[in-house]
Amino acid sequence: MMQNKLLNVKNLQTKGSGAAFLITGVFLTLLVAFLYFDQSSELSAVIQNLGAAGMLLAVMLMAVFCLTPIPSEGLVVVFLKIYGIYLGTFLAWLGCNLSTLVIFFAARHYGQIFFKKLLTPERFKLVDSWVNDKGTWGLFIARLLPLPAFIVNYAAGMIPSIKLWPYFWTAALSIIPYYVGTALVYLGITAKMWIWLVIGGAAILIFWSVSYLLNRKSLKVG
């Protein structure tokens, strides 16, 4: 009986991974198409003319993407192309934060329903161990691990000891270095300002390095 349950969970995860891979491929195709047809920024101008409605739509779209395992970096690039470095990064950050709130309340109310489909016991144990050992600071460190952000959000939302405010501010703060690094790399490439490309690349490299070191530490502790 237990073996059948484990097989069912594994099948659900395999199907979920396949669907995520397919959707990611479709999204990347749409992203390339947008960048190709928007070389003269005509599409960007149309979206900009939508004003507040367009920005609200952008935030909601980013929130939806951050609810899934689909990488959101491509959407960040689109925001940067349409709205510029500062506003584009800010809208992406808002959308990401909105998704963290949705996941928090979904995990609290429907956690057991989606647990087997989205989260492996190993990933949950990894986040849970950091929180139990270090509290809020441990949650912040867990967000720097090389795990998809929505996975950490979901795992953290299921831990009863984590309150809404620590859950939210650790998510909002931990994503900033990566978004800023992405924006600087984009600025360096599009504006041919190589100093920003180097700084942005270094920021992302440092972020990845910290994630790698923390992951090694977690494996040793585990």
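1. A charge is taken to sit over a ring if NZ of Lys or CZ of Arg is within 6 Å of the ring centre and within 35 degrees of the ring normal. R143 lies over the face of Y167, at 5.1 Å from the centre of the ring.

2. This is a predicted model, in which local features need pLDDT of at least 70 and side-chain atom pairs count only at pLDDT 80 or more, while totals for chains, interfaces and linings use all residues. Residues are numbered from 1 along each chain as its sequence is written, and side-chain values use heavy atoms, with hydrogens and water left out.

3. Six aromatic pairs are present in the structure. Rings of Phe, Tyr and Trp (its six-membered ring) pair if their centres lie within 6.5 Å; planes under 30 degrees apart count as stacked, over 60 as edge-to-face and the rest as tilted. For F104 and Y167 the ring centres are 4.7 Å apart and the planes stand at 50°, so this pair is tilted.

4. F104 belongs to helix α5 (residues 85-118) and Y167 to helix α9 (residues 164-174), so their pairing ties together parts 63 residues apart in sequence. Helices are DSSP runs (H or I, at least four residues), numbered from the N terminus. Ring pairs also link F104, F105 and Y167 into a cluster.

5. Both F104 and Y167 are buried, that is, under 20% relative accessible area (1.4 Å probe, protein chains only). F34, placed in helix α1 (residues 2-37), counts as buried because its relative accessibility is 15%.

6. Beyond neighbours within four places in sequence, F34 is in contact (heavy atoms within 4.5 Å) with residues including L43, I47 and V78.

How values were computed. Helix = DSSP H or I, 4+ residues; strand = E, 2+ residues; numbered from the N terminus. Buried < 20%, exposed > 50% of the residue type's maximum accessible area, 1.4 Å probe, protein only.
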